[in-house]
Amino acid sequence: MTVNTVKIFPSIGIARLGNSLNEFFIGPEIPGIYNPPSSGYKDSNFHVKRQAACFHLFGYEIGSTVAKEITLLDADIKWTVELANTKADWFKFDDVEHPSTVLRNHTITGANRASLRITPGPRVLDSTESITSKAFDTGTFGPDSVPLGEMQIDSDGHLLVLGGFGKSRSPGGNEIKHFANNDDWYDDVSDGPVRASLRLKGTSTWIEASPAWVICAPPKFVPPIPHIITLYDMLLQVAKKRNLSGVEELLPPDTPSFTKDIYPILYRAMNIKWISILDGVRHTKIQAAMPLPGPDTQAQRIARRKVFARIRDPNTNAHEQIFEQEMPKLWSDVYDRANVVSQALTEIQYHVLKQWRDGNFVNDWSNPPTPENQITPEGLIRAALESCVGGPLYPGIETSFMTRDTYAFVEPFRLDATLLKPGDLTKQMGVPWQADFFECGYDDPLFWWPMHHPSHVLPIDGGPQRKWIRDEDDIDTPEKFIEKWHKLGFVIQQEDQYVESERNP
């Protein structure tokens with residue numbers, strides 16, 4: 001094996017917090033496959049399992065663009081990871097258009113601000129040594145020790161990164177006063193670079209792999225349903241806008257496939273009915289616009305135009321309210337409540353649906369697309385990022401608008417790690433995360449992140465939809481959500497429905 005380039009995949013990996021001390025599962029690795037862990041998302045004590053991000057190495061031989069996975073059968077491997085949480089040391093979150101110039105915890109100044117950064121430093125795992133796990137357990141916030149998780153290397157040489165345990169606290173006992181900015185508060189969300197070097201068997205030279213990044217984010221309580229605008233969609237748009245090398249190969253064709261390119265967008269929209277109080281009328285109209293075998297019909301053309309007319313044009317002024325264009329029903333990045341402005345799809349998504357409206361698509365529809373049956377570099381990226389929010393980013397769940405608007409990429413979906421510091425992708429996020437998560441459910445008349453925080457769900461034991469946070473849960477403040485977030489249920493697919501399971505008894 002003659003290798004001249006090695007890359008880490010996924011280029012952005014997603015770990016998720018959980019309060020189970022012993023059990024975890026690996027996040028999605030093949031697009032479209034969201035199978036729950038064999039024994040559920042909670043352990044026997046009804047504590048939420050952490051989701052691990054699994055990183056792979058792929059090598060490219062000289063003169064070839066075909067990637068081959070590299071494992072311990074092929075090489076000795078050293079993994080290096082550095083996690084940090086720097087939320088409390090960053091500027092307050094206001095909004096996209098008016099970035100704050102006031103620091104969180106602004107009364108703490110000078111060298112004392114180091115106490116606001118949870119920075120355990122880098123950890124290294126070397127496959128030639130016997131140690132297979134190291135913890136990020138030396139970070140502190142003021143007087144508190146704040147573990148941010150751990151890294152493990154498995155028997156094949158893959159790297160597993162696990163985040164924190166959902167711990168949030170104010171050492172001084174401060175109350176939660178804001179959805180995103182709360183002084184003297186911390187949580188154990190984190191992010192940072194993932195690096196690897198390897199020495200192929202029979203050689204003495206160490207090769208440095210193109211680095212990746214990991215985000216240790218809050219849980220996603222609706223794992224099987226992607227958000228309407230995913231982080232993959234958003235970063236694909238970034239790659240196109242910046243004309244990053246290789247992006248053309250990733251874009252939908254001029255004549256998109258209904259099954260591969262159009263249906264996934266419509267499917268996500270239709271699935272909101274399982275996790276909200278929407279009556280499903282609009283989704284019935286989407287069903288009526290689905291293609292049928294044979295020639296296109298006038299009725300289908302009319303149905304497509306009616307659906308498309310409800311979708312907000314991304315080229316519209318961000319503050320302009322257009323009553324007929326309220327889809328998708330999501331609050332926008334600028335959160336103009338006075339005008340109730342919804343978030344637009346990405347320009348790529350909108351163009352694909354416009355082609356569908358005009359009948360310029362391949363009618364290859366018979367059934368939903370069949371997922372791949374093996375792990376690939378591109379699939380690892382897509383599977384990780386399609387489970388994340390790509391809009392609205394107010395500030396978001398996994399990462400905020402600086403990842404879209406400010407940070408540099410060396411190629412599509414791969415950040416320039418030389419220009420970033422650990423903690424940069426999450427430092428804009430709400431602190432603690434539970435305060436923002438609690439506030440951002442259904443906010444009449446639009447939603448925030450229904451695929452992470454559902455508003456209404458179907459109980460697994462039958463009956464009509466009920467609130468995800470029920471009256472009997474006694475979760476009516478952010479502080480109570482901090483205490484009880486792990487008691488809430490996860491939505492899973494059960495035959496042709498999506499139902500809530502694993503609520504704490």
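## Cysteines, cores and a pocket

The sulfur of Cys 216 lies 12 Å from the closest cysteine sulfur, that of Cys 388, which is too far for a bond. This is a predicted model. Seen from Cys 388, the closest cysteine sulfur is in Cys 216, again at 12 Å and too far for a bond. A disulfide needs the two sulfur atoms within 2.5 Å. The disulfide count is zero.

Next, the nonpolar cores. The largest has 99 residues. Within this core, Leu 235, Leu 353, Trp 356 and Phe 481 touch the most other members. Trp 356 has contacts beyond its neighbours within four places in sequence: Phe 258, Ile 262, Leu 266, Ala 289, Arg 304, Val 307 and Phe 361. A second core is separate and holds 35 residues, including Val 3, Phe 55, Phe 141 and Tyr 186. In soluble globular proteins, nonpolar side chains tend to be buried together.

Now the second largest pocket. Its space is about 700 Å³. The lining has 26 residues, and Pro 314, Asp 333, Gln 343, Leu 345 and Arg 404 are the closest to the pocket centre. Which helices each supply at least two lining residues? They are helix 1 (231–241) and helix 7 (401–405). Helix 1 gives the largest share of the lining, four residues. By class, the lining comprises ten nonpolar, eight polar and eight charged residues.

Note on methods. Residues are numbered from 1 along each chain as its sequence is written. This is a predicted model: local features need pLDDT of at least 70, side-chain atom pairs count only at pLDDT 80 or more; totals for chains, interfaces and linings use all residues. Side-chain values use heavy atoms; hydrogens and water are left out. A nonpolar core is a set of buried Ala, Val, Leu, Ile, Met, Phe, Trp, Tyr and Cys residues joined through side-chain atoms within 4.5 Å. Buried means under 20% relative accessible area, exposed over 50%, partly exposed in between (1.4 Å probe, protein chains only). Contact means heavy atoms within 4.5 Å. On a 1 Å grid over the protein atoms alone, a cavity is a set of points where a 1.4 Å probe fits but cannot get out, and a pocket is an open set with protein on both sides within 12 Å along at least five of seven lines; lining residues have an atom within 4 Å of a point. Grid points are joined across faces, edges and corners, and a volume is the space filled by probe spheres set on the points. Ala, Val, Leu, Ile, Met, Phe, Trp, Tyr, Cys and Pro count as nonpolar, Asp, Glu, Lys and Arg as charged, and the others, Gly among them, as polar.
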